[in-house]
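Keep the sequence and the structure side by side as you read.

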Amino acid sequence: MRARLTDQDGLVIVGECGSAEDALQLAHDLAPNVVVLDIGLPDRSGLDIVTELKATVPQARILIFSGHTETQYGVRCLKLGADGFLSKASPSHLLVEAVRKVASGGKYLSPTLAEALAASVGDKKMAAPHEQLSSRELDVFLRIARGQSLTAISHELGLSVKTVGTYRARVLEKTSSHSNADLTRLALTYNMLQ
C-alpha cells in the first residue's frame, strides 16, 4: 500500500502501524486527513474501531482497504461511519483514486458496493439475509461458510467454543438456515467466499 501511495502528488504518508490499538493512538497523535484501515487486524477487527476513530479524530476520513469483498463488508463499513471501501483485489490505481475521493470529502463506492448499498436501503424484503447480522455474527458466519470448525473459530477469535456456538445459533436463526451447509450455500449465493 505504501508503494502505491508514496509517489503521488499531494499525498503524504504520515504514519503506519499494524494493530488496532496502534492505529487509534497514531491517529490521535498525528490527526491525519485520511486513515486507510484494514479489517483484519491482529488485536481487534478494523470494524470495531471505525466508530472509535470517528470519535477520537472526527476530521479524519476513513477508507477501508480490505482483503474482503464489498459484498462481505462494504455496506456494514459505511453504516459504521467509514467513508469508503476498497477491496485489495482492485487494480492499484483505484487505491489512489479512493484516497483522493475520501480526502476531498466524498464517499468512495465501487459499482458493486453502490449496488449493495442501494439494495440495503430499498425494500427490506429484498435485503440480503446476512445484512441483519452483527459484525461478530458476520465474522462467525463467513468462517463457518468456509468450513472452519467452531473450535478453530474460537481459537482465532479468542472466544470460548460455547460463545461461538451461540453466535452460530443466532446466525442460523437470522438467516433462516438450518445447517452449516445452508450457510455455505447462502455465502456462495451472495458471492461472499472470494
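In H4, the buried residues are Glu70, Gln72, Tyr73, Gly74, Val75, Arg76, Cys77 and Leu78; buried means under 20% relative accessible area, exposed over 50%, and partly exposed in between (1.4 Å probe, protein chains only). Helices (H or I, at least four residues) and strands (E, at least two) are DSSP runs, numbered from the N terminus. With eight of its 11 residues buried, H4 (residues 70-80) is largely enclosed by the rest of the structure. After H4 comes Gly81, with a positive phi near 125°.

A word on what you are looking at: this is a predicted model, in which local features need pLDDT of at least 70 and side-chain atom pairs count only at pLDDT 80 or more, while totals for chains, interfaces and linings use all residues. Residues are numbered from 1 along each chain as its sequence is written, and side-chain values use heavy atoms, with hydrogens and water left out.

Now turn to how H4 meets H7. Their axes come within 12 Å and cross at roughly 170° (axes are lines fitted to C-alpha atoms, for helices over the stretch in contact, and angles run from 0 to 180 degrees between N-to-C directions). H4 is therefore roughly antiparallel to H7, a label for angles over 145 degrees. On the H4 side, Gln72, Tyr73, Arg76 and Leu80 make the contact, and on the H7 side Ser135, Leu138, Asp139 and Leu142; contact means heavy atoms within 4.5 Å.

Finally, visit two loops. Ala31 sits between helix H2 (20-30) and strand E1 (34-37), and its phi is positive, near 45°, though the residue is not glycine. Its relative accessibility is 38%, so Ala31 counts as partly exposed. Ser176, in the loop between helix H9 (161-174) and helix H10 (180-189), has a positive phi as well, near 55°. With a relative accessible area of 61%, Ser176 is exposed.

Terms used: Parallel < 35°, antiparallel > 145°, perpendicular 65-115°, else oblique.
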